[in-house]
Amino acid sequence: MIPASAGGIVFHVTDGGLHGLEAAPDSHFGAYNTPFIVTACGASSAAVAANYEWSDGQTGGFLPNKEELPLLYAQKDVVRGFANGPYWSSSKYGSRNAWLQSFNLDYQFLGNKDGAFRVCVVRAF
């Protein structure tokens, strides 16, 4: 059983539970890449993540990268609220594409950055 947190739903823990990742507790769920995406794209899905307000009163979050999204997918039944279909990662591929994670089938693929797909907001602790 993955423990509950103060403002989200924990889906991955490290260091014996001292650190990990938590997802926003709703369907409108990007750390390192988010500021760069916000700068490059303005009001984008990364901006939504960076400005997300958590239930514990804190703001900020990030789009998970392509390595973190499979961890979230593996716990999708614990986190809940995911729609079937793709979710953006913060991992780009070239100048026009970024990685997506399918939440109805466990696989990743490339999508054009102009595409409209869902996002998951997460934060590290």
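A polar contact is a pair of N or O atoms within 3.5 Å; within protein, one of the two must be able to donate a hydrogen and the other to accept it. In the predicted model described here, such a pair is found at E22, where a polar atom of the side chain lies 2.9 Å from the backbone nitrogen of G8. A further polar contact, of 2.7 Å, joins the side chain of E22 to the side chain of R123. E22 belongs to strand β2, which spans residues 19–23.

Strand β2 takes part in an open sheet of 3 strands, arranged in the order β1-β2-β6 with antiparallel pairing. The edges of this sheet are formed by β1 and by β6 (122–124), each of which pairs on one side only. On average, neighbouring strands of the sheet are turned by 20 degrees against each other, direction ignored. Strand β1, residues 9–14, is joined to β2 by 5 bridges, and the two strands run antiparallel. Within this pairing, T14 has H19 of β2 as its bridge partner. The hairpin of β1 and β2 has 4 residues between the strands, and D15 in this hairpin takes a positive phi near 50 degrees. The pairing of β2 with β6 is also antiparallel and extends over 3 bridges. Here the bridge partner of L21 is A124 in β6.

As a general point, strands of a sheet pair through backbone hydrogen bonds, either parallel or antiparallel. A second open sheet in the model likewise consists of 3 strands, in the order β3-β4-β5, and its pairing is antiparallel. Its edge strands are β3 (86–93) and β5 (108–112), each pairing on one side only. The twist from one strand to the next averages 40 degrees. Strands β3 and β4 pair in the antiparallel sense over 5 bridges, and P86 stands opposite S102 of β4. In the hairpin that these two strands form, 3 residues lie between the strands, and G94 takes a positive phi near 75 degrees. On its other pairing, β4 (residues 97–102) meets β5 in the antiparallel sense, again with 5 bridges. A98 has G111 in β5 as its bridge partner. Strand β3 is mostly covered, with 6 of its 8 residues buried.

The charged side chains were examined next. A search of the whole structure finds 3 salt bridges. One of these is formed by R123 and E22, whose closest N and O atoms are 2.7 Å apart. Both R123 and E22 are buried. Because burial requires a relative accessible area under 20%, E22 counts as buried at 4%, and R123 counts as buried at 10%. R123 also forms a salt bridge with D56, the closest N and O atoms being 2.8 Å apart. This pair links distant parts of the chain, with D56 in the loop between α2 and α3 and R123 in strand β6, 67 residues apart. D56 has a relative accessibility of 29% and therefore counts as partly exposed.

Another salt bridge is made by the side chains of R96 and D114, at 2.4 Å from N to O. It too links distant parts of the chain: R96 lies in the loop between β3 and β4, D114 lies in the loop between β5 and β6, and the two are 18 residues apart. At 42% relative accessibility R96 counts as partly exposed, whereas D114, at 59%, counts as exposed. Salt bridges that share partners join E22, D56 and R123 into one network.

E68 presents a further case of a buried charged residue. It is located in the loop between α2 (45–50) and α3 (69–74). The relative accessible area of E68 is 17%, so this residue is classed as buried. A salt bridge requires a side-chain nitrogen of Lys or Arg within 4 Å of a carboxyl oxygen of Asp or Glu. When residues up to four places away in sequence are not counted, E68 touches F11, L21 and F62. E68 and V122 are 54 residues apart in sequence, while their C-alpha atoms are 9.6 Å apart in space.

Key: Residues are numbered from 1 along each chain as its sequence is written. This is a predicted model: local features need pLDDT of at least 70, side-chain atom pairs count only at pLDDT 80 or more; totals for chains, interfaces and linings use all residues. Side-chain values use heavy atoms; hydrogens and water are left out. Two strands pair if DSSP finds at least two bridges between them. Axes are lines fitted to C-alpha atoms, for helices over the stretch in contact, and angles run from 0 to 180 degrees between N-to-C directions. Contact means heavy atoms within 4.5 Å. Buried means under 20% relative accessible area, exposed over 50%, partly exposed in between (1.4 Å probe, protein chains only).
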